[in-house]
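Visitor: I would like to learn how to read a fold such as this one, feature by feature. Could you take me through it, giving the general idea and then the case at hand?

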Amino acid sequence: MLQNQLQLLESDTFKELTAPTKVCWNLTSRCNLQCKFCYGPQNIKQELNTIQVKKVLDKLKKAGVQRIVLSGGEPLLRKDIHKIIIHAYSLGLTISLATNGLLLNEMFLEQTKNYLSMIEITVDGPDNKIEESMRGNKKIFHQITKNLEMVKSKGIPIKINTMVCKKNFLLIEQIGLIVKKYNPKCWKIFQFIPKNRGRLYKEEFEITNQEFEQLKQKITNKFSELDIIWASKDFFNGSYFDIYPNGNVMIPEIEKDNQIGNILTQSVEELWNNTLVDKKKHIQQAAVPYES
Ligand code: SF4
């Protein structure tokens, strides 16, 4: 798939694509955490029901979408999440689940392990203290690492995400040692983005581009055995094609999310051809292995 996408970029034929190759679907804005850096959708009451979600999946597949990242909020708060995963798989879509990891359990993993291409879990600190200072909840570190172990034992590929900010900037090496234990397919390290709730914590959290670059050099050398994706603020802007819980389709940017329409009422092609979609940037981002 990667090779195909790189060929698309080289040949310029990506301009003729009728759909994004990858869609990030924020199925709910509800969450069991209140992370200070959260830039996901907030307080969206309306959520598509199971039938609507399945219909949209059919539509995405028919239009040519290849990969879906199911995210939130916390997607495991949806009682139908396993049905959504199984339906998407049955269509031939590649499915990743992006979760804070706290609600994973044996039953869910058994139900879905054959249908998920990857589970993405966030680890922001090497202990409870740092996780609490960033995510406002005590004792989550132990639960997250316990559940990472459970995912690993099921043989489901793992991706670990880490948000870098002032709170954990000096601890990324320690986090890397924890990440290594789970033998992930990749480790994605994000630069803090002052967006949505994160805007309130800009002073407390923000690091400079230069600090992020310095960290990149240091950690890349230290953990050469890990496949690391570095997601700077620039990487974020304009490269995603997101569906929000109510079906609105958004092109997120740091300053604001641009709504380009709604997936229930418009065709994928029409949305994809909106002038706010930067097709080249999208394909470049989607071509990064394990990128979500
Ligand atoms: S960052 Fe993720 S886990 Fe944290 S509040 Fe936002 S959606 Fe929930």
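Predicted model: local features only at pLDDT ≥ 70, side-chain atom pairs only at ≥ 80, totals over all residues.

Guide: Strands of a sheet pair through backbone hydrogen bonds, either parallel or antiparallel. Here, 10 strands form an open sheet with mixed pairing, in the order β7-β6-β5-β4-β3-β2-β1-β8-β9-β10. Its edge strands are β7 (228–231) and β10 (257–262), each of which pairs on one side only.

Visitor: Which strands does β2 pair with in the parallel sense, and over how many bridges?

Guide: β1 and β2 pair in the parallel sense over five bridges, with Trp25 standing opposite Leu70 in β2. β2 also pairs in the parallel sense with strand β3 (residues 94–99), over four bridges, and there Ile68 stands opposite Ile95 in β3.

Visitor: What kind of unit do β1, helix α2 and β2 make?

Guide: β1, helix α2 (residues 50–63) and β2 make a right-handed β-α-β unit. A right-handed β-α-β unit is likewise made by β2, helix α3 (residues 81–90) and β3.

Visitor: How many residues of strand β2 are buried, and which way do they point?

Guide: Strand β2 (residues 67–71) is mostly covered, with five of its five residues buried. Arg67, Val69 and Ser71 point one way from β2, while Ile68 and Leu70 point the other way, and all are buried.

Visitor: Which residues have the most contacts inside the largest nonpolar core?

Guide: In soluble globular proteins, nonpolar side chains tend to be buried together. The largest nonpolar core in this model has 63 residues, and those with the most contacts inside it are Val23, Trp25, Phe37, Ile68 and Leu70. Helix α6 (residues 140–153) supplies the largest share of this core, five residues. If residues up to four places away in sequence are not counted, Val23 touches Leu60, Val65, Ile68, Phe241 and Ile243.

Visitor: Is Glu120 buried or exposed, and why?

Guide: Glu120 counts as buried because it has 24 C-beta neighbours inside 10 Å. The residue lies in strand β4 (residues 118–122), and its bridge partner in β5 is Lys159. Four bridges join β4 to β5, which run parallel.

Visitor: How does the picture continue on from β5?

Guide: Strand β5 (residues 158–164) is mostly covered, six of its seven residues being buried. β5 pairs in the parallel sense with strand β6 (residues 186–191) over six bridges, and Asn161 stands opposite Lys188 in β6. Together with helix α7 (residues 172–181), β5 and β6 make a right-handed β-α-β unit.

Visitor: Finally, which residues surround the ligand?

Guide: The ligand is surrounded by Cys31, Leu33, Gln34, Cys35, Cys38, Gly40, Gly72, Gly73, Glu74 and Asn100. By class, this shell has four nonpolar, five polar and one charged residues.

Key: Residues numbered from 1 in each chain as written. Helix = DSSP H or I, 4+ residues; strand = E, 2+ residues; numbered from the N terminus. Buried ≥ 20, exposed ≤ 12 C-beta atoms within 10 Å, placed from the backbone. Near = placed C-beta within 6 Å. Nonpolar A, V, L, I, M, F, W, Y, C, P; charged D, E, K, R; others polar. Pairing = 2+ DSSP bridges. Right-handed = clockwise from strand over helix to strand, strands pointing away. Core = buried A, V, L, I, M, F, W, Y, C linked by C-beta atoms within 7 Å. Contact = placed C-beta atoms within 7 Å.
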